[in-house]
Amino acid sequence: MQKEIEINTPFITLGQLLKEEGIIGTGGQAKWYLRERTVLVNEEPDDRRGRKLYANDVIEVPDEGSFKITTKSGK
């Protein structure tokens, strides 16, 4: 099942998403985590912790689930 992540800013970074969802403990762990696991952003592998995620982006994290970025306005 896909979890919706609502943001109130134009974007969130991949590292911020991992931290806010409790997948990693600190932002500094994002680089290591992304090097060890294949995270998909819109069905393509991405290992950049600074990758900007916008509304309607879908992120798949191994053993953690699938996340979809949304905004209050639904855009």
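Phe-67 touches Gln-2, Lys-3, Ile-5, Glu-21, Ile-23, Asp-57, Val-58, Ile-59 and Val-61, with residues up to four places away in sequence left out of the count; contact here means heavy atoms within 4.5 Å. This is a predicted model, in which local features need pLDDT of at least 70 and side-chain atom pairs count only at pLDDT 80 or more, while totals for chains, interfaces and linings use all residues. Residues are numbered from 1 along each chain as its sequence is written, and side-chain values use heavy atoms, with hydrogens and water left out.

Phe-67 lies in strand E7, where strands (E, at least two residues) and helices (H or I, at least four) are DSSP runs numbered from the N terminus. Phe-67 and Leu-17 are 50 residues apart in sequence, and their C-alpha atoms are 9.2 Å apart in space.

Thr-13, found in strand E2 (residues 12-13), is in contact with Arg-49, Gly-50, Arg-51 and Leu-53 once its neighbours within four places in sequence are set aside. The table gives the accessibility of these two residues, where buried means under 20% relative accessible area, exposed over 50% and partly exposed in between (1.4 Å probe, protein chains only).

| Residue | Relative accessible area | Class |
|---|---|---|
| Thr-13 | 18% | buried |
| Phe-67 | 5% | buried |

The largest nonpolar core has 18 residues, of which Leu-14, Tyr-33, Leu-53, Ile-59, Val-61 and Ile-69 touch the most other members. Strand E1 (2-7), helix H1 (14-20), helix H2 (29-36), strand E6 (58-61) and strand E7 (65-71) each supply at least two residues of this core. Such a core is a set of buried Ala, Val, Leu, Ile, Met, Phe, Trp, Tyr and Cys residues joined through side-chain atoms within 4.5 Å. Tyr-33 touches Leu-18, Ile-23, Ile-24, Val-39, Val-61, Pro-62 and Glu-64, again without residues up to four places away in sequence.

For the chain as a whole, 2 helices and 7 strands are present, and along the sequence they follow the pattern β-β-α-α-β-β-β-β-β. The radius of gyration is 11 Å, close to the 11 Å that the globule rule gives for 75 residues, so the chain is as compact as a globular protein of that length; the radius is taken over C-alpha atoms, and the rule is 2.2 Å times the number of residues to the power 0.38. The C-alpha trace spans about 35 × 20 × 20 Å along its principal axes. Buried residues make up 33% of the 75 residues, and among contacts between residues at least 6 apart in sequence, 47% join residues at least 24 apart.
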